[in-house]
Every structure is written in structure tokens, then in C-alpha cells.
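Have the structure open while you read.

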Amino acid sequence: MTLHSEPAAPERAAPAATEAGAGAITPRAPRRTRTGPPGRRRRWLRTGFLTAVAVLMLIPLYVLVVNAFKSQQEILTSPFGLPAGGPDFSYLQKVFENKQFNIMRGYGVTLLFVVCVNVLSIALAGPAAYVIARSAKRRYRALMLFFLAGTFIPSQVLVIPVVYVLKTLGLMGTIRGFVLFETVLTLPFSIFLYAGYIATIPRELDQAAAVDGAGRIRTFWRIIFPLMRPVVATMVILNTFSVWNDFVNPQIILGPGSGLYTVTTGVYAAVSQYQTDYTVVFPTLLVAIAPLLVFFVFMQRHIISGLTAGASKG
Amino acid sequence: MPSTRTLARRRDGLTSLLMAGPATALYTVMLVVPVGLACYLSLTDWDGYSAQPEVVGAANYADLAGDPALRRAVTVTFLLAAAGTLGLNVLGLGFALLLNGTSRANSFFRMVMFYPHVLSALVVGFLWSAILGTTGAVNSFVTSKGGEVLPFLSDPDWALATMIAVVIWAAFGVNVVLYLAGLQAVPHSLIEAARIDGATRWQAFRHVTLPALGPSVTINLVLSLVTLLKTYDLVVSLTAGGPGGHTQTIAYLILWDSFHDGRLGYGSAQSVVLMLVTALLALAVTRLRRRGEMAVFS
């Protein structure tokens, strides 16, 4: 929120976050070389402590993975042990055959939502941000503030009146209604980030395009938009995770009646009533998070910087 | 007859409208109108179905004052937000200081601390409830060694403490990364200079690093506070509000009253208040911090 009170924020926020995420932190001035035993002991202490913390952080993941391959009996008698007699894949297989929640369909639906929201968000926020960034008129500066105000509204607060709006428009319980609402939630921060970025692109580029006879819409999509790749990537990562992990909005807007489950609402449907049947809980959770975690490990830098940029929107 | 210049300008204005219009329209219909509607619905008895909700005036707001469930939810939410904000920021800043610098090991540790944030809060809650529940992994282990069952999620006080701990586990990695970004703005030469002048590590941190981190601290505090005040998904999956409703947060109660009990008018009144309180608290923290920063530099 404080970020928004300063006009210079977008230019500053984006690179700062990228740097941190990239781990390409400016090379440190050489450490004061203390070769004596205290320095070495301190370093060992630090490494030991951090390793202990890392183990603590990873224990839940370990429990999740090993128990996804065990029988209920074995989970209860040896919750932290590796599966005796090798992993049993039958529980994982049952996840894929679950009648309450078809997880492959859940993945399909979620991916569809993610793609729709991202495309629509870019198509709407991009041109709007361009007009805002390039116009000196007061009314467009006011428009920026109008959008900024939206970043302060928690989506939980919105869901009740949005149900009313969607019902009035006949979009309640439909994919269209859900995608439109999720897209709107992405607009304020996208426009804020895009406009800040466009402001750093020299206007001479626009003028050159205009001289060549390109209209403003063409200038934006052909000349400016390709230059916005880093900031668009940040937003895509952010929107992908927020749609993927959203629980309240799909649960309420799509509703259990529609039979449309995202991965998250599907996990709720599959797990919430069987919370003590661990042969359902662990394999379901594992299947639900495995792709995300793999994606995270490979795209770590980009994801951390993207999500952190988003976190600072408050 | 308008000159070509005015014509061109008019066409330019039209293009601008064409480019900014759709986003503005959709945003207005689905975000601005709903905020206004929330205020209106909070004055009605809307049940989520009727097309014409009846206006009941300030009755919902009057009910807020005498609702014991809400009073408990307010206490829970504030304890969670206060303890959580403290924990997230102490750990966030602490680990950022430890991990400041480029090395493979540092980026590994950063990843390990950050990964829970990638998972949905719903999954995090289910996972921890399978670990800490009465028959969960930890209790199975404890009882197999002849110990008593630990009431992580079945005793009201334990359950709240567990929830705070899980929130911190899941989110402090974000604060680490935000503080690391902030630390890049602290010139290392300043710290070197202080150390050469004989300042201890703690003094250099207290009088050089921390003041320079001012804006980061503000962002982190406000961010943690605002996020924690609307905790919902985790409550659903970790405790489902229990035991006996003792871990219901405000956001949980809003959605429960609205969609379980069909009192969307009352839920709207609660959410209007939550929105105002969140905004006021965020503003207050920003203000206080700004005054604090002024004091440091004057």
C-alpha cells in the first residue's frame, strides 16, 4: 500500500523484486576476512541452523510423499517411516478413479480458467495501461487512481455483492461469470504495473510508428507490447497462481451444483469429508500439488520474483 | 468546419476510449458497483435468492454489536493478525539477514522457505491437519512411544496457536524475499564504516541497517497485517473453525453466515466493517511508521 502512495513506485518496485528473485544480488563487497576460529565457528553455526530450519520446512512435504504410498494401518503405526516393502501405488491410482472429483478433469478446467483469465487480463489491461501511461490528460491520471483503489479491496468482501451482480446478469454458476470476475480481480494491479513499465519506454518509439502510419492500437500491440515481456511474465505468473489456488471464488460462484471443480475446490470436495482416511488425504494432496512444485523448482527465480511483486500490492 | 487537426485529435480521443473503455467498464461493473452494493445489501435482509431484498435499515449493524460469535471471531482474528505479523516479520527480517549474499546454498535455503507460498492455503491446512490431528502423524508417533495425545487442533487455545504457527510456516518466506530486496538498498559501505568505527554487529544493525530498511519494514508490516486479517482458506481446511467455533476468523464467519445460514445482508454488514477496519489499520501502521522514520532521521 505504501508503494502506491509514491508515484515513482512502479519503476522501483519491479526491478527490486526481480533482483531479489533472480538471486542475482549485487556482488557483496568482500567480507572482512576473519580466518580465526570464531569466524569459522560462526559460519558453521549459521549453516547448521539454516539446515535445521530447512529440514523443519521440508518435513511436511516428506510426510506427504511417503504416506501417499502406504496403507492406513501403516500410516498410523509408522507415520514417518518409508513405506515398508516398497511403495504401493494403488492409492495414487484411486485418486485418479475418484468419482467425487475427477482430478484430470479438474486439471483441465483449472488450466482453461488460467489461460482465459491471463489472455483476457492482458487484452484488457495492456491497452488501458498504454493510454494511461501515454496521456497527459488529467482524466487518465484520475483513471489510474480509480483502478488503484481496487487493489485495496479484499476479494472476500466482494464475493457477496458479486453474487448479486452475477445473478442479475444471469452469469451466476457459469464459466463466463467466473472468468470475468477473476479477470477483474487482476486488472488493478496489472494496469498499475504495466503503466509504470510503459512510462519507462521512450516515446520516440511511438512517434516513429506514427510517422510510419501506424494507428495507436497497432503501435501498442506491435511496438510497445513486445517490449513489455518481463512485466507481462510477472503478471502471468501471479495470475496463474492466484487463479490456480483460489478457493472462495470458484467454490461460491461456480458452486458445488455446477459439477465444475478446479483443482482446489476438487481437493476440498474429495478430502474434507474423509479427513481421517489418510489413504485419501495424502495421495490426493500429492497429486494436487506435484505439478505446481515441479514447476516451482524449475522456474524458481521467476516465480519468487513474480509472486513477491504481487505480494507487495497488499 | 473542424480543421484536420481537431479531427485528428477527436479520432485520437476515440481510440483512447476504445483502448481503455473495456477494462474500465468491466472493472466498474464487477468491482466498483459491488463495493457500493455491499453497502446497500448490508442494509437489507437479502438471503441470496430473492430478487427484491427488503430494506431493514441499520438492523444488521445493530446485530453486529450483540453477536457473541462475531465478538469471538474478532478476538481470534486480532490475535492471529498480531502474533502472525510479529512472527512473520521477525523471521522474515532475521532470515533475510542470514541469507543476504549470493551463493548456491543461500538460494536453496530461500527456495525451501518460500515453497509453501506456492501451495494453496487450503492444501496447506489439510496437510497440517493430517500431521497434527488427533490421529495425525505426530500424535500417532507420540502415542506409539507411550505418550499422551497432544491436542494441537482439539483444544481451543492449542488450535489457535497451531493456526498461528502454520500461517507463519506458510508465509514467512515471502517476507524473507521482500526483506532481501530491501537489504539491497542498504549500502554495504555504510555498515563497513560503522564496523570500522568500532560498532558491534548489533549496533551496526540497529543504527545503520534498520533505519535504512524503514520502507521495507512498513511494506512488510502492512502486507502481513492486511493478509492475516482476511484469513479464510486455512481455517476451512485446518480446523473448520473448530473446536466449537473457537478458531473462526472474521472472514470465516462472514462466509459462514452468508452462504451457510443464508444471511447475506448480515454478511455484507460484517464485510463492510472488515473492509473499513482493514483500511484504517493499514493506514495507521503506515502513518505510525512514517512518523517513526522521521524521528530516526531528524
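Which residues in helix 5 of chain B meet helix 7 of chain B, and which residues of helix 7 meet them? From helix 5 of chain B come A121(B), V124(B), W128(B) and L132(B). Their partners in helix 7 of chain B are T162(B), V166(B) and A170(B). The model is predicted. Helix 5 of chain B also packs against helix 14 of chain A.

**Helix 5 against helix 7, within chain B**

- Helix 7 of chain B covers residues 156-183.
- The angle between helix 5 and helix 7 of chain B is about 130 degrees, and their axes are 11 Å apart.
- An oblique pair has an angle between 115 and 145 degrees or between 35 and 65 degrees; helix 5 and helix 7 of chain B are therefore oblique to each other.
- Helix 5 of chain B passes helix 7 of chain B in a right-handed crossing.
- By class, this contact has six nonpolar residues, one polar residue and no charged residues.

**Helix 14 of chain A against helix 5 of chain B**

- Angles under 35 degrees count as roughly parallel, so helix 14 of chain A and helix 5 of chain B are roughly parallel to each other.
- The crossing of helix 14 of chain A with helix 5 of chain B is left-handed.
- Helix 14 of chain A contributes T264(A), V267(A), Y268(A) and V271(A) to the contact.
- Helix 5 of chain B contributes L122(B), V123(B) and F126(B).
- The classes in this contact are six nonpolar, one polar and no charged residues.

**The interface of chain A and chain B**

- In total, 85 residues of chain A are in contact with 79 residues of chain B.
- On the chain A side, 64 of the residues that touch chain B are nonpolar, 17 are polar and four are charged.

**Layout of chain B**

- Chain B is divided into two parts: domain 1 takes residues 1-41, and domain 2 takes residues 58-297.
- The centres of domain 1 and domain 2 of chain B, taken over C-alpha atoms, are 39 Å apart.
- An unreviewed UniProt entry annotates residues 74-285 of chain B as "domain: ABC transmembrane type-1".
- That span, residues 74-285 of chain B, is 75% helix and 0% strand.
- The end C-alpha atoms of residues 74-285 of chain B lie 19 Å apart.

Definitions and conventions
Residues are numbered from 1 along each chain as its sequence is written. Chains are lettered from A and ligands numbered from 1 in the order in which they are written. This is a predicted model: local features need pLDDT of at least 70, side-chain atom pairs count only at pLDDT 80 or more; totals for chains, interfaces and linings use all residues. Domain bounds come from an automatic or database domain assignment. Two residues are in contact if their C-beta atoms, placed from the backbone, lie within 7 Å. Ala, Val, Leu, Ile, Met, Phe, Trp, Tyr, Cys and Pro count as nonpolar, Asp, Glu, Lys and Arg as charged, and the others, Gly among them, as polar. Axes are lines fitted to C-alpha atoms, for helices over the stretch in contact, and angles run from 0 to 180 degrees between N-to-C directions. Helices (H or I, at least four residues) and strands (E, at least two) are DSSP runs, numbered from the N terminus. A crossing is left-handed if the near helix is turned anticlockwise from the far one by less than a right angle, and right-handed if clockwise. UniProt positions are given in the numbering used here, feature names are shortened, and annotations may be inferred rather than shown by experiment.
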